[in-house]
Amino acid sequence: MNAKANKNQGSCIEPSYYQAVTKAIRTQAVQILKEGTVAGLVGYLPGRRKGTARPALITTPEEAEKLIFSPACVNNLSVYLTKSKKGVLKQGRIGIVAKGCDMRALAGLMGESQIKREDLFIIAVDCAGVYGSGAERSETVTEANIARKCLECSVHHPEGADFVAGSATDLSGLTPLEAEEMARIEALPQAERWAFWKEHFSRCIRCMACRQVCPFCYCEQCLCDKNRPQAVESSPRPAGNTAWHIVRAMHLAGRCGGCAECERVCPMDIPLNLLNRRMAKELKELYDYEAGLAPAEKGPLTQYREDDDQSFIK
Amino acid sequence: MHAEAKQHDFEPKIVAFVCTWCTYAGADLAGTSRMQYPANVRVLKFPCTGRIDPVFILRAFQKGADGVLVSGCHPGDCHYMAGNFHARRRFAAFRALLDFVGVDLHRLQFSWVSAAEGGKWVEVVTELTERVRAMGPMLEFKSLEHEEQWSAFQALADVPGVVNTPELKEAYDKI
């Protein structure tokens, strides 16, 4: 990739950068649709309101001319490729516009044999960050309104894609809010940690948006929906909520790529990504595993070493 | 042979998830060898520690366990070759998660007890029971269950004319 561009004290990204990325995506999308490389493409179209974007399945070059990439392109589109969505296309290779964090989800899904690399044409975006929750959509992205996950993104420069739109954007020097928050909670006494999560979990309304939006929650029947025997209570009451969020974090441990979609869609603003990040950190420390950097056949919890740490076992 | 029967203010409930091949046989050995160990432990038999889902542990705590023990074969002795290796990683991760959420890990014990280690079973169970007894009842998860049953009612009870009948009030106060 080219030399580093657009470093405005690591705080503000020029809108022109997004226009350049948009142009690159359009050109590439039109080309692969015309050539018939892909039967369709999942990308972003402008939303109805100004400054918004929505995910869309594109099948013609004309539609592809309308594709955009802007800071409002927050969605992780890989969720549309999973089994739980029954596949957006019945046949043919499919293109997808993916940010660095979405690429991690794609790599994870490939590792879990949910999608095949040869069925995909990945248009990766060298992403300069997207809006956080509540950001005014007419403003440019700054450190104040960027998504929290972008503050400590380590995958600005996606690797292993078929095409990369845009060129390296340096985002270093941002305050890692999530890491700070995690360190703060870890340092709390145990009872206060419990109080912190109890307060958050008890607000949960069990809308299951976090599950719906997660690329890794593709089970056809969720354990938490089962009764007879019921593992996790399904109504939105504190005990069941706590169990649901613990089970969710556990099932994503070693798989979550950190796209933070769960946290973005949560209507009750529960800091779900903190749990995911905590598990990722733990597995990195214990087993030196980081999810989604490359498709891996086995995750940290589906393999073992005979000399794994067992200091906690008597 | 018999230990002095002691009266305690608090008898903890300990739930033990054990593997049938090693720890269950080990506990059986302790029994047939007439070893004494606290009767606080409720043993649940599973085919393998690999079968023990973290959900079971959560559920045990929610339904009133004060301590949970998970025990199986020593590494390398698994009847299914690798079940306990997988369980070891899973529980290492689960412990970290519970700790982050604010559960006291002293209430959760993992151990390897083979079919020949009746003595170790007694030791593990006794130690966990005494530790949990000293810690007192596990209130975190139980209080959640309690809240969900009564928080709505409690909120309404303050609203005049809603459910403030004397009978309901009396019933509520009894609880």
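How many disulfides does the structure hold over all chains?

## Disulfide and cysteines

The structure holds one disulfide over all chains, where a disulfide is a pair of cysteine sulfur atoms within 2.5 Å. A disulfide is a covalent bond between the sulfur atoms of two cysteines. Here the pair is B:Cys22 and B:Cys73, with sulfur atoms 2.3 Å apart. The link between B:Cys22 and B:Cys73 is right-handed, with 100° about the S-S bond. The pair links distant parts of the chain, 51 residues apart. B:Cys22 sits in the loop between strand S1 (14-19) and helix H1 (23-32) of chain B, while B:Cys73 sits in the loop between strand S3 (67-72) and H3 of chain B. B:Cys22 counts as buried because its relative accessibility is 8%, and B:Cys73 counts as buried at 3%. Buried means under 20% relative accessible area, exposed means over 50%, and partly exposed lies in between (1.4 Å probe, protein chains only).

A:Cys127 is in no disulfide; the nearest cysteine sulfur, that of A:Cys150, is 5.6 Å away. A:Cys127 has 9% relative accessibility and so counts as buried. For A:Cys210, the closest cysteine sulfur is in A:Cys207, 6.3 Å away, which is too far for a bond. At 8% relative accessibility, A:Cys210 is also classed as buried.

## About the model

This is a predicted model, in which local features need pLDDT of at least 70 and side-chain atom pairs count only at pLDDT 80 or more, while totals for chains, interfaces and linings use all residues. Residues are numbered from 1 along each chain as its sequence is written, chains are lettered from A and ligands numbered from 1 in the order in which they are written, and side-chain values use heavy atoms, with hydrogens and water left out.

## Strand S4 of chain A

Helices (H or I, at least four residues) and strands (E, at least two) are DSSP runs, numbered from the N terminus. Strand S4 (residues 120-125) of chain A has six of its six residues buried, so it is largely enclosed by the rest of the structure. A:Leu120, A:Ile122 and A:Ala124 point one way from S4(A), and A:Phe121, A:Ile123 and A:Val125 point the other way.

Two strands pair if DSSP finds at least two bridges between them. Strand S3 (residues 94-98) of chain A runs parallel to S4(A) and is joined to it by five bridges. A:Ile96 has A:Ile122 in S4(A) as its bridge partner. Between S3(A) and S4(A) the chain passes through helix H3 (residues 100-111) of chain A, in a right-handed β-α-β crossover. Right-handed here means that, with the strands pointing away from the viewer, the path from the first strand over the helix to the second runs clockwise. S4(A) is also joined by three bridges to strand S5 (residues 163-165) of chain A, and these two run parallel. In S5(A), A:Ala165 stands opposite A:Val125.

## Helix H5 of chain A

Which residues of helix H5 (residues 177-187) of chain A are buried? They are A:Glu178, A:Met182 and A:Ile185. Seen down the axis of H5(A), the buried residues fall within an arc of 65°, so they line one face of the helix; the arc is that of the directions from the helix axis to the C-beta atoms. Their cover includes helix H10 (272-287) of chain A and helix H3 (83-101) of chain B, with contact meaning heavy atoms within 4.5 Å.

## Backbone at A:Arg228

A cis peptide bond, with omega about -10°, joins A:Arg228 and A:Pro229. A:Arg228 is in the loop between H7 and H8 of chain A. A:Arg228 has a positive phi of about 60° although it is not a glycine, and at 83% relative accessibility it counts as exposed.
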